Amino acid sequence: MQKIGFIGTGVMGTGIIKNLLKANFPVTVYNRTKAHAAAVLASGATWADSPCEVAASSDITITMVGYPQDVEAVYYGDEGIFAGANTGSIVVDMTTSTPTLVQRIAATAITRDIQAVDAPVSGGDIGAKNGTLTIMAGGVQSTYEQLVPLFKVIGQSYHLFGGAGKGQHAKMANQIMIAGTMTGMTEMLVYAKKAGLSLPDIIETLSAGGAANWSLTNYGPRILARDYTPGFFAKHFLKDLRIALDEAQKQQLDLPATKAAAELYRRLVEDKALGDDGTQALVKLWWPAE
């Protein structure tokens, strides 16, 4: 059984690590705040004091942190992954990050005789907990195939889209789609409430027809329960949308709907200071007292 290293024990990472442990993978973890790793340590994970130590003890080192700058620090810092990773090991970044950084990591890995794959995921906290994530990979085919047994444990769908960075481009496509479903769901609820409709009934009805979508099914009920805990942080979604728009600009694409979604999430995160809420908190722009 390959030894797994995992850096980042947040909402998503915790669910993934627990599923790896259930499948009997030995997992060594690191997080900037050790207290946030308590749940996975109680489930059988081993603690390491730095990303370097994690990589030195692992055949496969997975990272899932917040922002591209966090990814860069975890890989390139004095106590980073590249300072400890063994020849022939694999590094897998599951953070939603920039294709440019992923390509830099892959190029560095080659010089160290290490294999690198970018593999961002979709499915939120529910997918991480249930092992039903969608995994979008970029990298070398032979390396990807070595990771498939692991992907089967944590995901229900996984696909290699091409070389380094292609997984991140696939994730950007995913986030562009989700931007539309989140804003659509939010405005639908605002409209239905104003029209005096039963919100539980409207969610049930629309979920059975052409308006059905993942955001409505999973986040609609949370909004009605006033549950804004993060399955995915609003601040991280804003980061993702900004990456998507930056990549679109590089390709000379104009994405007006995605720009509108990014502005709404900017208001939520920066003007309302609600970045630590889940993405479903977008409704607070209309229902501030909810």
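**View 1. Ile-135 of strand 8 and its bridge partners.** In strand 9 (residues 155–160), Tyr-158 is the bridge partner of Ile-135. Ile-135 is also the bridge partner, in strand 8, of Val-121. The model is predicted: local features need pLDDT of at least 70, side-chain atom pairs count only at pLDDT 80 or more, and totals for chains, interfaces and linings use all residues. Residues are numbered from 1 along each chain as its sequence is written, and side-chain values use heavy atoms, with hydrogens and water left out. Helices (H or I, at least four residues) and strands (E, at least two) are DSSP runs, numbered from the N terminus.

**View 2. The open sheet of 3 strands in the order 7-8-9.** The pairing in this sheet is mixed. Strand 7 and strand 9 are at the edges, each with a single partner strand, so one side of each has no neighbour in the sheet. Two strands pair if DSSP finds at least two bridges between them. Strands of a sheet pair through backbone hydrogen bonds, either parallel or antiparallel. Strand 7 (residues 121–122) pairs with strand 8 in the antiparallel sense over 2 bridges; in one of them, Ser-122 has Thr-134 of strand 8 as its bridge partner. Strand 8 and strand 9 run parallel and are joined by 5 bridges.

**View 3. Strand 8 and the elements around it.** Strand 8 (residues 133–137) is largely enclosed by the rest of the structure, because 4 of its 5 residues are buried. Buried means under 20% relative accessible area, exposed over 50%, and partly exposed in between (1.4 Å probe, protein chains only). Together with helix 7 (residues 141–154) and strand 9, strand 8 makes a right-handed β-α-β unit. Right-handed means that, with the strands pointing away from the viewer, the path from the first strand over the helix to the second runs clockwise.

**View 4. Helix 8 (residues 166–194).** From its first C-alpha to its last, helix 8 reaches 43 Å with 29 residues, close to the 42 Å expected at 1.5 Å a residue. The expected span is 1.5 Å times one less than the number of residues. After helix 8 comes Gly-196, with a positive phi near 80 degrees.

**View 5. Asp-70 in helix 4 (residues 68–76)**. Asp-70 counts as buried because its relative accessibility is 15%. Apart from neighbours within four places in sequence, Asp-70 is in contact (heavy atoms within 4.5 Å) with Arg-32 and Val-65.
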